[in-house]
2 protein chains.
Amino acid sequence: MKKIINDPKHVVDESVAGFGLAHADLVRVETDPIYVVRADAPVSGKVGLVSGGGSGHEPLHAGYVGHGMLDAAVPGAVFTSPTPDPILAATKAVDGGKGVLHIVKNYTGDVLNFETAADLAAADGIEVRAVVTNDDVAVKDSLYTAGRRGVGGTVLVEKIAGAAAERGDSLEQVADIAERVNANARSMGMALTPCIVPHAGEPSFTLADDEIEIGIGIHGEPGRERIKIEPADAIVDRLITPVIEDLPYSDGDRVLLFVNGMGGTPQIELYIAYRRAADVLAERGVTVERSLVGNYITSLEMQGFSITLLKLDDEMVELWDAPVHTAALRWGR
Amino acid sequence: MKKIINDPKHVVDESVAGFGLAHADLVRVETDPIYVVRADAPVSGKVGLVSGGGSGHEPLHAGYVGHGMLDAAVPGAVFTSPTPDPILAATKAVDGGKGVLHIVKNYTGDVLNFETAADLAAADGIEVRAVVTNDDVAVKDSLYTAGRRGVGGTVLVEKIAGAAAERGDSLEQVADIAERVNANARSMGMALTPCIVPHAGEPSFTLADDEIEIGIGIHGEPGRERIKIEPADAIVDRLITPVIEDLPYSDGDRVLLFVNGMGGTPQIELYIAYRRAADVLAERGVTVERSLVGNYITSLEMQGFSITLLKLDDEMVELWDAPVHTAALRWGR
């Protein structure tokens, strides 16, 4: 295992400390228990947004803490849910009197720990709602999940619900739009290579030199099938066809097209994939109104990519375009 | 070789086409010859900025085309300089009557081809100045270079000179500040793994499972030494010490600290490196006033990172903070 780390036991706390130093204008880092919170939290009169989950998916979630997106992010150990304790602490830290929304990817540990934290917060008089993202069409009921997994759609939920909170929406309104984004988002991913969790020291799965996995999860969980490597366009078709046909996205729909790198994929390849995805959508009469291309929800150094589509309406476009100022997404200010 | 590509011969044109589709609000892509240009080029009364070089370093350079940074980027084949023809075409396309600055990384092919294009542009009545970046302290005279190589400092030159051009500076003023940034920037990088050029199909070098290369070039050119893998903090010290001592950066200096991923390094590792780099600078009394962390000048899927320091003055800070709207760097609008 070759990594830029010191002690595998300190990967998360050292990385979060570095993140806090690099982005001290945006966030502060709490260490006992560990979470990342907006520098100006709590924002009085604004719904607070908290997300979190296992580390190793950066910039998700700490990279999205700031104006117009999350109020706090709670990192667990690599690929391991945070416990209720830091989730509760983050929830309290961002409560500006208007309630707190938890944005939770649908993995069993995350769902349970966020639920426990929400119950404890409610006992302290904080109103909490939760949205559980489950946009991955690849598989139902997998290694860490009952139902579908939450993947790329989570980034879009965080941006759009974050903008709704920033404009002053109520907790119910913010939760409703978060649910609407999740309901209109679908994703599927693939891997060329596995990744190595630092404290494990070995890949959690292996792929032959000419083999790829279609429908991979963001922790390397099994997908739909292993096949021989194919040209990029054929791989894109294998991902985007089930995505399109699931919701479905149809002639006349407007979408956000999100091509996401798994962490180790060069950008030059992501744009080759984007080109084919845009062509497929054009052939089907689906209009790409907004795009996002890059490493936004990753699996450490895994090579591969995912495609997420979000069916847009006018309000979602307005909220997508609204100013955001975080380490990983920034525009309009 | 497992990559998300179709035909290795079409990696660059397909990727640039995808880039153009994803960022049609920012750029247009010309295909014969190939270059990427601001959608609103030429901007009348503004100095035009053109950069370029071999592909495989994305988001450099096309990711920096837009308001407040480059007017055009000229991509060559992977790790291969573009010929004078597209550089000339790009230069003509961005000439708004105030002259054009070429920003050229110091590799023999790039320097020659940009010089030839500048001569041809001059024959057409366009005033051209060039700044050649050479911030890499690792080696002098290497595989593709006489003198020092241009690496991470190039991104900073493009941002700061781009802001100077946007505020209306003359060609001489923009060239002067570009030279000043280059003169105050120093970098050094390392690799954990090599990368594979698509049309080669094999890594250009190999590293043992426990071996890293200190001072690596962005095309995998040899660095200073190969050593056994060490903890992150020790690796950071091996990079930042020669960087600091070269200019040198001293007690009381203000700097921009840029920790750059080589393409395949997870973000969690970059922030571990950032943390140590910030600590070393603090110990030496150097103040980090601005930061940049992420994949900004890469070597395909290579795992590794580089550290760049830029000694700041008030004008550089003002220009760094000025609005920029490109695919890869965006703030203030």
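## A salt bridge in chain B

In this predicted model, the side chains of Glu30(B) and Arg28(B) meet in a salt bridge, with 3.0 Å between N and O. Glu30(B) has a relative accessibility of 28%, so it counts as partly exposed. Arg28(B), with a relative accessible area of 32%, is likewise partly exposed. Side chains of opposite charge can pair when their charged atoms come close.

## Salt bridges in chain A

Over all chains, the structure holds 57 salt bridges. One of them joins the side chains of Asp210(A) and Lys228(A), at 3.0 Å from N to O. This pair links distant parts of the chain, 18 residues apart: Asp210(A) is in the loop between β7 (185-191) and β8 of chain A, and Lys228(A) belongs to strand β9 (residues 225-228). Asp210(A) is partly exposed at 31% relative accessibility, whereas Lys228(A) is exposed, with a relative accessible area of 55%.

A further salt bridge is formed by Asp321(A) and Arg290(A), whose closest N and O atoms are 2.6 Å apart. Elsewhere in chain A, salt bridges link Arg167(A), Asp169(A), Arg180(A), Asp313(A), Glu315(A) and Glu318(A) in a network.

## The two domains of chain A

Chain A is divided into domain 1, covering residues 11-184, and domain 2, covering residues 185-321. The centres of the two domains, taken over C-alpha atoms, are separated by 22 Å. In the contact between them, 38 residues of domain 1 of chain A touch 41 residues of domain 2 of chain A. The area buried between these domains is about 3300 Å², and carbon and sulfur atoms give 63% of it.

Between domain 1 and domain 2 of chain A there are 5 salt bridges. The count of residue pairs in polar contact between these domains, both residues being at pLDDT 80 or more, is 22. On the side of domain 1 that touches domain 2, α4 (153-166) and α5 (171-183) of chain A each supply at least two residues. The element that gives the most to this side is α4(A), with 7 residues. By type, the residues of this side of domain 1 comprise 21 nonpolar, 8 polar and 9 charged.

## The interface between chains A and B

At the interface of the two chains, 58 residues of chain A are in contact with 57 residues of chain B. Together the chains bury about 4600 Å², 63% of it on carbon and sulfur atoms. Within the area that chain A buries against chain B, Lys2(A), Ile4(A) and Ile268(A) supply 20%, more than any other three residues.

Across this interface there are 4 salt bridges. The side chains of Glu269(B) and Lys3(A) meet in a salt bridge of 3.9 Å, N to O. Several elements of chain A each supply at least two residues of the side that touches chain B, among them α1 (11-22), α6 (232-246) and α7 (267-283). The residues on this side of chain A divide into 30 nonpolar, 14 polar and 14 charged.

His57(A) is found in the loop between β3 (48-55) and β4 (72-78) of chain A. Is this residue buried or exposed? Its relative accessible area is 0%, so His57(A) is buried.

A polar contact of 3.2 Å joins the side chains of His57(A) and His219(A). A polar atom of the His57(A) side chain also lies 2.6 Å from the backbone oxygen of Thr298(A). Leaving aside neighbours within four places in sequence, the residues in contact with His57(A) include Phe79(A), Ile218(A), Tyr296(A) and Ser299(A).

Val132(B) lies in strand β6 (residues 128-133) of chain B. With a relative accessibility of 30%, Val132(B) counts as partly exposed. The C-alpha atoms of Val132(B) and His102(B) are 8.2 Å apart, although the two residues are 30 residues apart along the chain. Apart from neighbours within four places in sequence, Val132(B) is in contact with Val104(B), Lys105(B), Asn106(B), Val111(B) and Asn182(B).

Notes. Residues are numbered from 1 along each chain as its sequence is written. Chains are lettered from A and ligands numbered from 1 in the order in which they are written. This is a predicted model: local features need pLDDT of at least 70, side-chain atom pairs count only at pLDDT 80 or more; totals for chains, interfaces and linings use all residues. Side-chain values use heavy atoms; hydrogens and water are left out. Contact means heavy atoms within 4.5 Å. Buried area is the accessible area (1.4 Å probe) that two parts lose on being put together, summed over both. Helices (H or I, at least four residues) and strands (E, at least two) are DSSP runs, numbered from the N terminus. Ala, Val, Leu, Ile, Met, Phe, Trp, Tyr, Cys and Pro count as nonpolar, Asp, Glu, Lys and Arg as charged, and the others, Gly among them, as polar. Domain bounds come from an automatic or database domain assignment. A polar contact is a pair of N or O atoms within 3.5 Å; within protein, one must be able to donate a hydrogen and the other to accept it, and residues adjacent in sequence count only if both atoms are side-chain atoms. Buried means under 20% relative accessible area, exposed over 50%, partly exposed in between (1.4 Å probe, protein chains only).
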